[in-house]
Amino acid sequence: MALRDLPDTYCPGTTSEQAGKSASCQGCPNQKLCASGATKAPDPAIAEIGEKLSTVKHKILVLSGKGGVGKSTFSAHLAHALASDNTKEIALLDVDICGPSIPRIMGLEGEQVHQSGSGWSPVYVDDNLAVMSIGFLLSSPDDAVIWRGPKKNGMIKQFLRDVDWGDLDYLIVDTPPGTSDEHLSIVQYLSSTQVDGAIIITTPQEVSLQDVRKEIRFCQKVKLPIIGVVENMSGFVCPKCKNTSQIFPPTTGGAEKMCADLKLPLLGKVPLDPRIARSCDEGKSFLSEVPDSPAAEVYQKIVKTIQDYCSNRVTEEQNTT
């Protein structure tokens, strides 16, 4: 029987009246806890996180249902681009608990997190660019994080509540693939902080778009605004002849058609450039290393659109108060 014919196999949610009581709860290790009603009480950490992040002007999540599409690469370069304005304070939070790649991409591998009286101190790339990742808490980059959902959720809660973020203009959150524990946790914990929205990353081929559509549906279900979609690896521009080759053919129309169908903004198409991967491996900013490349130019246009979106959102909020 198809899964679509079994709606009662879905978890009703910990705050539902059916929590711990529906047929789908049978065999769940948390069934008794949910049935007791204890899970319906609001998590006090949500209010604490709201207070902690009250000095953060803009909060942006970078999402994709698909792995390997360049979420971390985009998150890192968005942070670098925003931090190029020395008057702005930027932070990048890596909540990919099992596959933290941000320390390597940002050139911070081997760095350690320090405890202060006001909480954990993030690691700084520049004076105005801070980074936090579980990668800083591991003894080796090769260590595997083998955790179940509750422990992942606890780690994300600590990152948001116990890190001394200070006054920030932008907090960028890099997430793992999928629509599971980490995503639900980050949306729940940020629910009292007015998240600006999500940036959805995809590549042109249908096998990627199929998972990305699920991520878009996730955002709609949890009422997370979508800033727009970025198509990564959108063709390869030869540095010599300047001709474009489609390495990942958009067999169903790519992100452009998907955005048109779903009425979402397409922020831009970033061409595939081997120098991006090399910059990430070396912990450098591709935007600084090759500023005149076609990919860097697209990145800058995307970043400008994101900045305009955030500014307009502030204006709209001021007009409604």
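How many bridges join strand S9 (residues 226-231) to S12? Three bridges join them, and the two strands run parallel. The model is predicted: local features need pLDDT of at least 70, side-chain atom pairs count only at pLDDT 80 or more, and totals for chains, interfaces and linings use all residues. Residues are numbered from 1 along each chain as its sequence is written, and side-chain values use heavy atoms, with hydrogens and water left out.

**Sheet**

- Eight strands form an open sheet in the order S5-S6-S2-S7-S1-S8-S9-S12, and the pairing is mixed.
- Strands (E, at least two residues) and helices (H or I, at least four) are DSSP runs, numbered from the N terminus; two strands pair if DSSP finds at least two bridges between them.
- Strand S5 (123-126) and strand S12 (266-269) each have a single partner strand and stand at the edges, so one side of each has no neighbour in the sheet.
- On average, neighbouring strands of this sheet are turned by 20 degrees against each other, direction ignored.
- Val230 stands opposite Gly268 in S12.

**Helices on the sheet**

- H3 packs on the sheet and touches strand S1 (56-63), strand S2 (90-94), S5, strand S6 (129-133), strand S7 (168-174), strand S8 (197-202) and S9; contact means heavy atoms within 4.5 Å.
- The direction of H3 makes about 170 degrees with that of S7; axes are lines fitted to C-alpha atoms, for helices over the stretch in contact, and angles run from 0 to 180 degrees between N-to-C directions.
- Helix H7 (residues 206-221) also packs on the sheet, touching S1, S8 and S9, and its direction makes about 170 degrees with that of S8.
- H3 is mostly covered, with 13 of its 13 residues buried; buried means under 20% relative accessible area, exposed over 50%, and partly exposed in between (1.4 Å probe, protein chains only).
- From its first C-alpha to its last, the 13 residues of H3 reach 18 Å, close to the 18 Å expected at 1.5 Å a residue; the expected span is 1.5 Å times one less than the number of residues.

**Aromatic pairs**

- Two aromatic pairs are found in a search of the whole structure.
- In one of them, the ring centres of Phe74 and Tyr299 are 5.8 Å apart and the planes are at 20 degrees, so the pair is stacked.
- Rings of Phe, Tyr and Trp (its six-membered ring) pair if their centres lie within 6.5 Å; planes under 30 degrees apart count as stacked, over 60 as edge-to-face and the rest as tilted.
- Phe74 is in helix H3 (residues 71-83) and Tyr299 in helix H11 (residues 294-320), so the pair ties together parts that are 225 residues apart in sequence.
- Phe74 and Tyr299 are both buried.

**UniProt annotations**

- An unreviewed UniProt entry lists residues 57-228 as "domain: AAA+ ATPase"; over this range the chain is 33% helix and 25% strand, and the end C-alpha atoms are 19 Å apart.
- The feature "binding site" (unreviewed entry) is placed by UniProt at Cys11, Cys25, Cys28 and Cys34.
- UniProt positions are given in the numbering used here, feature names are shortened, and annotations may be inferred rather than shown by experiment.
- Cys11 is found in the segment before helix H1 (31-35) and is exposed at 65% relative accessibility.
- Cys28 lies in the segment before H1 and is partly exposed, with a relative accessible area of 36%.
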